[in-house]
Amino acid sequence: MSEHNQGRRLSRRALLLGGVGAATVYAMTPGGGRPSGGSQALQDAQLVAGPVQQSVHLAATDGWVSIADPAVTRPVTGFWPDPYGAAHGPFDLYVFGFRNVTGLTAAQISAQRGKAQISAPQLVFDEGSEVRITLTNLGLSQRPDLVDGHTVHWHGFVNAVPLFDGVPELSISVPIGRDFTYFYRPHDAGTYMYHCHFEDVEHVQMGMTGMLFVRPAQNGNTTLYRSGKYAYNDGDGSTGYDREFGFMLTEVFVEGHYRDAHIQTTDWTDFRASFAALNGRTWPDTLAPGGDPMSAAAGRLQYQPITSLVTANAGERVLLRLASLGYDSHTMTLDAIPLTVVAKDAVPLRHGSVINYLTSNSVEVAPGESRDVIFTAPAYSAALPGGTDPQHGPYNTYLLYDRALHDAGNAGGPGLGGMATEIRVFAGGLPAQADPQTTPNA
Ligand SMILES: [Cu+2]
């Protein structure tokens with residue numbers, strides 16, 4: 001899912017008039033929109049008043065998820081599946097996480113205690129906008145004895161104001177029952193992360209991680225690339241893409257999660273990944289469509305709503321945004337389709353006209369790093385492996401996986417299980433993609 005909570009999109013003229021450094025903040029309506037004006041003069045005044053405000057409201061709490069299908073996955077003796085999970089539904093792993101509560105009432109927000117989501121919602125903001133993330137700390141339902149604060153740390157952003165950067169030793173952390181609004185003005189397009197920085201070794205491992213995309217001002221220019229969508233302000237269309245998919249790379253150390261649920265302490269230096277996950281899911285759950293985290297009908301995957309299935313039409317350019325907040329490095333591999341890395345850690349691999357994009361079939365991502373990777377979907381061939389979608393027609397299937405096979409399997413068990421997903425290249429039957437991660441029922 002994606003959250004793109006914005007007012008009016010910033011036009012080129014508005015950017016010139018009201019862009020960087022505009023100090024006046026317009027009185028915003030609750031939804032983030034601007035008041036409407038009847039005259040051209042008033043509209044111009046609004047444009048001068050300041051950049052678009054984009055805001056989201058997150059809640060921090062704990063919860064339960066199903067990290068793998070226990071019916072087919074080898075158990076981790078003594079630790080997983082966690083029997084406490086059954087009291088909450090078809091769940092087996094205790095987690096901490098964020099929950100998107102944008103637009104909910106106070107009573108509805110309180111009701112989200114104990115319903116954490118992993119990975120956190122993908123947040124999408126525009127370069128030059130005024131970003132506000134409000135964080136409410138709902139406390140932990142399974143561990144009311146723990147009085148931990150939570151924060152939102154802007155991971156990888158330059159020039160974050162320390163007060164708003166979510167590092168508790170240097171700024172504010174949010175106590176239970178309180179909220180705080182973080183402010184940032186993103187000046188640099190790219191693929192970023194956010195995570196809680198309170199007791200961060202524990203809270204990051206427990207699931208408080210998410211992705212954040214900053215759209216470049218160049219977006220909307222269809223002369224450089226037909227879609228008008230770009231990863232960066234490249235000036236030449238080389239980061240143009242038709243579809244984009246984000247992947248939060250993490251691992252789950254089930255002993256630590258079990259001990260947090262059962263009021264025991266963990267020495268986190270004992271860390272050893274039991275599961276490696278894409279967007280909080282393990283294969284084959286990675287292929288399931290995106291779901292509604294507010295709907296119990298989503299079943300086992302209710303609190304891991306972000307799909308990792310990639311779909312594209314032959315000939316389209318696909319942007320893969322890879323980011324890791326795990327503790328291990330991962331080398332994501334796509335056999336038979338060349339991957340071009342256009343940026344590392346939200347920095348384009350070029351200096352002016354000198355381009356250092358890197359083409360390979362494998363992309364290494366270390367903890368705390370991000371990569372922007374573009375590939376062109378190859379031609380469809382009936383002779384290659386694939387299937388047929390009832391709505392969108394035939395497709396070929398390619399595997400995107402961590403080449404360290406213990407991370408592509410579950411809990412060291414045989415076969416695929418962890419950090420793996422499919423890329424489905426259709427002959428041409430897919431409609432255009434509106435939002436990141438959208439993958440029509442394929
Ligand atoms: Cu936290």
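Modeller: Leu163 is found in the loop between β6 (153–155) and β7. The model is predicted.

Biologist: Why is Leu163 called partly exposed?

Modeller: Buried means under 20% relative accessible area and exposed means over 50%, with partly exposed in between. Leu163 has 39% relative accessibility, so Leu163 counts as partly exposed.

Biologist: Which residues make the nonpolar surface patch?

Modeller: Val161, Leu163 and Ile172 make the patch, which covers about 210 Å². To join a patch of this kind, a residue needs over 30% relative accessible area, and Leu163 has 39%.

Biologist: What makes β3 an edge strand?

Modeller: The sheet is open, with four strands in the order β3-β2-β5-β7 and mixed pairing. β3 (93–100) and β7 (179–184) each have a single partner strand, so one side of each is left without a neighbour in the sheet. On average, neighbouring strands of this sheet are turned by 25° against each other, direction ignored.

Biologist: How do you know that β2 pairs with β5?

Modeller: Two strands pair if at least two bridges are found between them. Eight bridges join β2 (residues 53–65) to β5 (residues 130–137), and the two strands run parallel. As one of the residue pairs, Val56 has Ile133 in β5 as its bridge partner.

Biologist: How many bridges join β2 to β3?

Modeller: Eight bridges join β2 to β3, and these strands run antiparallel. Here Asp62 has Phe96 in β3 as its bridge partner. The sheet is called mixed with β2 running parallel to β5 and antiparallel to β3.

Biologist: Why is β3 called largely enclosed?

Modeller: Eight of the eight residues of β3 are buried, so β3 is largely enclosed by the rest of the structure. Both faces are covered. Leu93, Val95, Gly97 and Arg99 are buried on one side, and Tyr94, Phe96, Phe98 and Asn100 on the other.

Biologist: What makes α5 mostly covered?

Modeller: Eight of its eight residues are buried. Among them are Val254, His257 and Tyr258. The buried residues of α5 pack against β2, β3, α4 (200–206), β10 (243–252) and β11. After α5 comes Ile263, whose phi is positive, near 55°.

Biologist: What makes the contact of Arg185 and Glu130 a salt bridge?

Modeller: The cut-off is a side-chain nitrogen of Lys or Arg within 4 Å of a carboxyl oxygen of Asp or Glu. The side chains of Arg185 and Glu130 meet at 3.2 Å, N to O, and this counts as a salt bridge. The pair links distant parts of the chain, with Arg185 in the loop between β7 and β8 (190–195) and Glu130 in strand β5, 55 residues apart.

Biologist: Are Arg185 and Glu130 buried or exposed?

Modeller: The limit for buried is under 20%. Arg185 has a relative accessible area of 13% and is buried. Glu130, at 4% relative accessibility, also counts as buried.

Biologist: How do you know that Asp285 forms a salt bridge with Arg300?

Modeller: Their closest N and O atoms are 2.7 Å apart, and the cut-off is within 4 Å. Asp285 lies in the loop between β11 (275–278) and β12 (310–313), as does Arg300, so the pair ties together parts that are 15 residues apart in sequence. Asp285 counts as buried at 9% relative accessibility.

Biologist: What makes Arg321 and Asp372 a salt bridge?

Modeller: Their side chains meet at 3.7 Å, N to O, and the limit is within 4 Å. Arg321 is in strand β13 (residues 317–324) and Asp372 in strand β21 (residues 370–376), 51 residues apart. Both are buried. Arg215, Glu244, Arg321 and Asp372 are linked in a network of salt bridges.

Biologist: How many salt bridges does a search of the whole structure find?

Modeller: The search finds 13 salt bridges. The protein has six helices and 24 strands, and buried residues make up 57% of its 442 residues.

How values were computed
Residues are numbered from 1 along each chain as its sequence is written. This is a predicted model: local features need pLDDT of at least 70, side-chain atom pairs count only at pLDDT 80 or more; totals for chains, interfaces and linings use all residues. Side-chain values use heavy atoms; hydrogens and water are left out. Axes are lines fitted to C-alpha atoms, for helices over the stretch in contact, and angles run from 0 to 180 degrees between N-to-C directions. Patches are made of residues with over 30% relative accessible area and no salt bridge: like charges are joined within 9 Å, nonpolar side chains (Val, Leu, Ile, Met, Phe, Trp, Tyr) within 5 Å. Accessible areas come from the Shrake-Rupley method with a 1.4 Å probe; for residues, only the protein chains shown count as cover. Buried means under 20% relative accessible area, exposed over 50%, partly exposed in between (1.4 Å probe, protein chains only). Contact means heavy atoms within 4.5 Å.
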